[in-house]
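Reader: I would like to learn how to read a model of this kind, one feature at a time. Where should I begin?

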Amino acid sequence: MSTQFEIQGLKSSIEGKEILKGIDLKIKGGEVHAIMGPNGTGKSTLASALMGHPKYEVTDGSVTLNGEDVLEMAVDERARAGLFLAMQYPSEITGVTNADFLRSAINARRGEGNEISLIKFVRQMEGKMKELEMNPEFMHRYLNEGFSGGEKKRNEILQMMLLEPKLVILDEIDSGLDIDALRIVAEGVNAMRSEDRGFLIITHYQRLLNYITPDFVHVMMQGRIVKSGGPELAQRLEAEGYDWVKEELGIVDETVGQA
Amino acid sequence: MSTPTTSFGREAAAAISRSKNEPAWLVALREEAGQLATELNLPKPEKLPLTRWTLDQYGVSRPGQSVTTASELPAAITALLPEENSSALIVQHNSSVIFTQISEELKAQGVILTSLEEASRNHEELFRKHFMTAYSKDEHKLAAVHAALWNGGVFLYVPRNVTIEAPIQALLFVDDAEATFMPHVLVIAESNSRVSFVEQVASSLGDAASTLLHNSAVEVFAKAGAVVQYAAVHQMDSSAIDIAYRRAVLDNDARIEWIVGDLHNGNSITDTKSVLKGNGSTSDSKIITIGTGSQRMSLTTQAVHFGRSTESDMITRAVMKEEATAIINGITKIEKGATKANGQQTEKVLMLSPKARGDANPILLIDEDDVKAGHAASVGQVNADQVYYLMSRGISRKEAERLIIHGFLDPVVSEIPLKGLREQLHRILERKLG
């Protein structure tokens, strides 16, 4: 069955302040959706709420992945169900090597008694790291500790590649990347595009979309998706900014939170 | 709990010494220390009163059974040995050293590994020049008791320019709760030598009703340009008290690396101190501990800078569970004249229970202007963002916390120089963190 991801009327608050004011979005396997919008309109909140960050309270709406209620699941269950969020600010964890972490994550998905063999795992990890032009020594470095911004982002993509999720959310994966790293990250994402995998790409800039061509582009403002279109919408936003959208829809500036 | 106390003083100390046929100068030394033991007060660890500790039960001499080959060692001891076929191994069982093994190759290079008791007879000059000079018998009552009653022990001598590749192992094991168990480790590394020493303290005391006092000391002397790595893993039953005063004295350009797992299950006082006497000497101390049950611990690391351009770094990491208490002190002292010295320290405490207590006290005492010194201390719980991050990859909360807690200790665990001991350490951590 091809992946079906559906968000209906999703509302979310942080510390009592409503950030998401009703999001509707359907993503099918094989599709790439981009969400764009000015800073502080709730884009990253959407990503965190979908993943289940404890700080974000979902107050209304539903989210399903292949018919399963995502909001009922704990964070780790969401991941095992096939959700993956490449984070804007990945945590650094001392003492846990990248390899140990990834093997734990893969095995968590495979379940007890079905653990991946060490040799197979190492071979896979080395292969993917090569594709992402990562230094092999990062395998045994502590998770994200001392990584540059770009290295952290590559490491997020590495995790995505090894965990083979059904629905991938990329939260500002392009921020802090130079043009080479951007190309490598985009190639990694493109290599993962397939009929049974959907993508939700959150970005502030159109730049990333030169490398990853979306099927749908959505504009988010004030906690809602206010406009949807094809790749040409992203190009117009890049060229003309967001003011014309506001004008067209009669939106008065008011930020709802931090991106 | 009433515990039989061995009355103890000058006479008792001398009697012990004579019973072992020790040289007259050592009888006198023990006698003097025995006298001091009756006069001096207990140490006063920061925020940790010792008033209810049983520190006056010294036990009686219960020598272990000496053996000549490793295969004859008791099974309980063999099970604890991290590496088979060690090129250098010494084993203390209860009140005496029962086994010493050193390869012909090391012997040919002039390396000496014997019990400290034997060294007092065969290497008098080296012994007298160093023993209890870095850890003075008049520091406090525990030091005096140790100087009077020490038994078994390890003497390691590394001649100048000799590099020893494989770590020297010492296993100090007690399974008789009534035994006097007070080993003293004396390491002398001559100029430009290199050695790695691994000390393991373990017990099997069963349901002993009495308290065992492990009143131990380590003295390391690193002469000019020598590099000594000293790894210690302590874990005994909760009925034992672990007292470990560790001292290193560094000459010019010498280096000490302390890698310590203070993982005892009962009350403990440990104090790991480097004296950076020579110019350009350096010290690196890494210490981990896990507090469980209702144990009380005082863990101190110290670096005292005398020499110019000396550097010290001290890291302590503690995981506190249940109702355990740990008072963690880091003391960096830079004396007048120690120009261009650099002393850094970090204490981190991870609290896993609201009833546990972990105090981190960084102390900088600086009497020289032209120096660098820094400290960082933190006490906190498992980081929620880190747990979220790991869970977002499908790892359960329990496993995520386990990874983070073990990871917290890994910077020390991964430095342990013996693979077998590292694995043992992992098992100890699993058990204590379980």
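Author: What follows takes the features in turn, starting with the conventions.

Author: This is a predicted model, in which local features need pLDDT of at least 70, side-chain atom pairs count only at pLDDT 80 or more, and totals for chains, interfaces and linings use all residues. Residues are numbered from 1 along each chain as its sequence is written, while chains are lettered from A and ligands numbered from 1 in the order in which they are written.

Reader: How do I read a database annotation, and which residues of chain B does UniProt list for the SufBD N-terminal domain?

Author: UniProt positions are in the numbering used here, feature names are shortened, and annotations may be inferred rather than shown by experiment. An unreviewed UniProt entry lists "domain: SUF system FeS cluster assembly SufBD N-terminal" at residues 88–169 of chain B. That span is 34% helix and 29% strand, and its end C-alpha atoms lie 6 Å apart. Helices (H or I, at least four residues) and strands (E, at least two) are DSSP runs, numbered from the N terminus. For chain A, UniProt gives "domain: ABC transporter", again from an unreviewed entry, at residues 5–247. Here the end C-alpha atoms are 31 Å apart, with 36% helix and 30% strand.

Reader: How is a helix read for its buried side, and which residues of α1(B) are buried?

Author: A residue is buried if 20 or more other C-beta atoms lie within 10 Å of its own, exposed if 12 or fewer, and partly exposed in between, with C-beta atoms placed from the backbone. In helix α1 (residues 10–19) of chain B, the buried residues are Ala13(B), Ile16(B) and Ser17(B). They cover an arc of only 95° around the axis, which puts them on the same side of α1(B). The arc is that of the directions from the helix axis to the C-beta atoms. Glu11(B) and Ser19(B) are exposed residues on the face turned away from the buried side.

Reader: What do the buried residues of α1(B) pack against?

Author: They pack against α2 (24–39) and α7 (141–149) of chain B. Packing is judged by contact: two residues are in contact if their C-beta atoms, placed from the backbone, lie within 7 Å. Asn21(B), with a positive phi near 60°, follows α1(B).

Reader: How do I read a sheet, and what is the order of the 10 strands in chain B?

Author: Strands of a sheet pair through backbone hydrogen bonds, either parallel or antiparallel. Two strands are counted as paired if DSSP finds at least two bridges between them. In chain B, an open sheet with mixed pairing has the order β2-β1-β5-β7-β9-β11-β13-β15-β17-β19. The edges are β2 (96–102) and β19 (372–380), each with a single partner strand, so one side of each is left without a neighbour in the sheet. Within the sheet, β1 (residues 88–93) and β5 (residues 168–174) of chain B run parallel, joined by 5 bridges. Ile90(B) stands opposite Ala170(B) in β5(B).

Reader: How many residues of strand β16(B) are buried?

Author: In β16 (residues 325–334) of chain B, 9 of the 10 residues are buried, so the strand is largely enclosed by the rest of the structure. β14 (residues 296–305) of chain B runs parallel to β16(B), with 10 bridges. β18 (residues 357–366) of chain B also pairs with β16(B) in the parallel sense, over 10 bridges. Thr332(B) stands opposite Leu364(B) in β18(B).

Reader: How many residues of chain B are in contact with chain A?

Author: 21 residues of chain B are in contact with 20 residues of chain A. The largest share of the chain B side, 10 residues, comes from α9(B).
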